[in-house]
Amino acid sequence: MDFHKINTVEDINIIKPYLDMYDKDFSDLTRPNFYMWRDIYPRYYHIFDDTLVIKESSATDEKDFRFYMPVGKNPSKALKLMEQYCLERHLPLIV
């Protein structure tokens, strides 16, 4: 998976249609939250098959990361890709 850092308003606008699919009561996945905390909790996105995968890293350790549940057309395929991503790096899959 090729992840792109969510760092600008333009990045957030790209993933906005997918963010709108998440439960609105989960404030971690709101556009203001993504922008406000971008330096403390770096987040990255990958879109494929009309499905969004978000990876959140620790600001101090790139190997310390977790995924949000994928959202879009094919979340089951996304979960398999996330698992493969972690297996290739010998890291646990944390969602």
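In strand β3, the bridge partner of His46 is Val53. Helices (H or I, at least four residues) and strands (E, at least two) are DSSP runs, numbered from the N terminus. The model is predicted, so local features need pLDDT of at least 70 and side-chain atom pairs count only at pLDDT 80 or more, while totals for chains, interfaces and linings use all residues. Residues are numbered from 1 along each chain as its sequence is written, and side-chain values use heavy atoms, with hydrogens and water left out.

**The pairing of the strands**

Two strands are said to pair if DSSP finds at least two bridges between them. β2 and β3 meet this rule with six bridges, in the antiparallel sense. Another bridge between these strands sets Arg43 against Glu56 of β3.

β3 also pairs with other strands. With β4, residues 65-67, the pairing is antiparallel and has three bridges; here Glu56 stands opposite Arg66 in β4. With β5, residues 71-72, the pairing is antiparallel and has two bridges, and Thr51 has Gly72 of β5 as its bridge partner. β2, in turn, is joined to β1, residues 4-5, by two bridges, and these strands run antiparallel. His4 stands opposite Tyr45 in β2.

| Strand pair | Sense | Bridges |
|---|---|---|
| β2 and β3 | antiparallel | six bridges |
| β3 and β4 (residues 65-67) | antiparallel | three bridges |
| β3 and β5 (residues 71-72) | antiparallel | two bridges |
| β1 (residues 4-5) and β2 | antiparallel | two bridges |

Is Val53 buried or exposed? A residue is buried under 20% relative accessible area, exposed over 50%, and partly exposed in between (1.4 Å probe, protein chains only). Val53 has 0% relative accessibility and therefore counts as buried. Val53 is found in strand β3, and seven of the seven residues of that strand are buried. The cover is on both faces: Thr51, Val53, Lys55 and Ser57 lie on one side, Leu52, Ile54 and Glu56 on the other, and all are buried. In β2, five of the six residues are buried, so the strand is largely enclosed by the rest of the structure.

Which residues touch Val53, leaving out residues up to four places away in sequence? A contact means heavy atoms within 4.5 Å. On that basis Val53 touches Met1, Phe3, Tyr44, Tyr45, His46, Phe48, Phe67, Pro70, Ala78 and Met82. Val53 and Leu79 are 26 residues apart in sequence, and their C-alpha atoms are 8.7 Å apart in space.

**The turn between β2 and β3**

The hairpin of β2 and β3 has two residues between the strands. Asp49 counts as partly exposed because its relative accessibility is 32%. Asp50 is partly exposed as well, with a relative accessible area of 44%.

Met36, Trp37, Ile40 and Tyr41 make a nonpolar surface patch of about 420 Å². Patches are made of residues with over 30% relative accessible area and no salt bridge; like charges are joined within 9 Å, and nonpolar side chains (Val, Leu, Ile, Met, Phe, Trp, Tyr) within 5 Å. A salt bridge is a side-chain nitrogen of Lys or Arg within 4 Å of a carboxyl oxygen of Asp or Glu. Accessible areas come from the Shrake-Rupley method with a 1.4 Å probe, and for residues only the protein chains shown count as cover. Ile40 sits in the loop between α2 (31-36) and β2 (43-48). At 46% relative accessibility, Ile40 counts as partly exposed.

**The chain as a whole**

The chain has three helices and five strands, in the order β-α-α-β-β-β-β-α along the sequence. Its radius of gyration is 13 Å, close to the 12 Å that the globule rule gives for 95 residues, so the chain is as compact as a globular protein of that length. The radius is taken over C-alpha atoms, and the rule is 2.2 Å times the number of residues to the power 0.38. Along its principal axes, the C-alpha trace spans about 35 × 35 × 25 Å.

Of the 95 residues, 36% count as buried. The chain exposes about 5,800 Å², and carbon and sulfur atoms supply 53% of that area. Among contacts with a separation of 6 or more, 48% are between residues 24 or more positions apart.
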